[in-house]
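Hi,

Here is the structure I said I'd pass on.

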Amino acid sequence: MGGPETGRFLPAIKRGEALFPVFPLGFTGRDEAERLGVTVSAVQVRSSGTQLVEVGRLLDDGAIRAVIDSSYKLADAAQAHERAARGGIQGKIVLTV
């Protein structure tokens with residue numbers, strides 16, 4: 001979950017617990033989170049060459065598959081951001097270079 005509307009989940013989270021939005025851009029519920037005693041944190045993923053090789057092998061073998069919601073040229077990255085902001089994404093948004 002993520003985006004500007006992520007704050008709607010805050011009342012469902014117990015005091016002292018945490019919310020980790022996957023897409024934190026536009027999140028405006030920090031004041032409400034503080035009032036409710038909920039920690040909000042956006043975590044960034046660090047890539048690992050070893051893990052990426054394994055994931056590549058799993059993709060090649062068909063053991064896993066990537067679901068793509070939409071694809072944009074790098075020059076159209078602003079449109080990709082607009083797509084993400086609309087929500088309802090089913091899969092990944094891809095930028096092609």
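Of the 97 residues in the protein chain, 19% count as buried. Keep in mind that this is a predicted model.

Overall layout first. The chain has three helices and four strands, and from the N terminus on they run β-α-β-α-β-α-β. The radius of gyration is 17 Å, well over the 13 Å that the globule rule gives for 97 residues, so the chain is more spread out than a compact globule. Along the principal axes, the C-alpha atoms fill a box of roughly 45 × 30 × 20 Å. If you look at contacts with a separation of 6 or more, 20% of them come from residues 24 or more positions apart. The accessible surface comes to about 7,400 Å², with 55% of that belonging to carbon and sulfur atoms.

Now helix H3, residues 77-86. Its buried residues are Ala77, Ala80, Arg83 and Ala84. Seen down the helix axis they fall within an arc of 110°, so they line one face of H3. That buried side packs against strand E3 (68-73) and strand E4 (92-96), while the face turned away from it carries the exposed residues Ala78 and Arg86. Just after the helix, Gly87 takes a positive phi of about 75°.

Arg83 is the one I'd click on. With a relative accessible area of 12%, under the 20% cut-off, it counts as buried, and its side chain meets that of Asp69 in a salt bridge (3.0 Å, N to O). The pair links distant parts of the chain, with Arg83 in helix H3 and Asp69 in strand E3, 14 residues apart. Asp69 itself is partly exposed, at 23% relative accessible area.

There are four salt bridges in the structure. Glu54 and Arg57 lie three residues apart in H2, whereas Arg57 and Asp61 are four apart, about one turn of the helix.

Last item: Val55, Leu59 and Ile64 form a nonpolar patch on the surface, with about 210 Å² of accessible area together. Ile64 is found in the loop between H2 and E3 and counts as partly exposed, at 36% relative accessibility.

Cheers

Key. Residues are numbered from 1 along each chain as its sequence is written. This is a predicted model: local features need pLDDT of at least 70, side-chain atom pairs count only at pLDDT 80 or more; totals for chains, interfaces and linings use all residues. Side-chain values use heavy atoms; hydrogens and water are left out. Buried means under 20% relative accessible area, exposed over 50%, partly exposed in between (1.4 Å probe, protein chains only). Helices (H or I, at least four residues) and strands (E, at least two) are DSSP runs, numbered from the N terminus. The arc is that of the directions from the helix axis to the C-beta atoms. Contact means heavy atoms within 4.5 Å. Patches are made of residues with over 30% relative accessible area and no salt bridge: like charges are joined within 9 Å, nonpolar side chains (Val, Leu, Ile, Met, Phe, Trp, Tyr) within 5 Å. Accessible areas come from the Shrake-Rupley method with a 1.4 Å probe; for residues, only the protein chains shown count as cover. The radius of gyration is taken over C-alpha atoms; the globule rule is 2.2 Å times the number of residues to the power 0.38.
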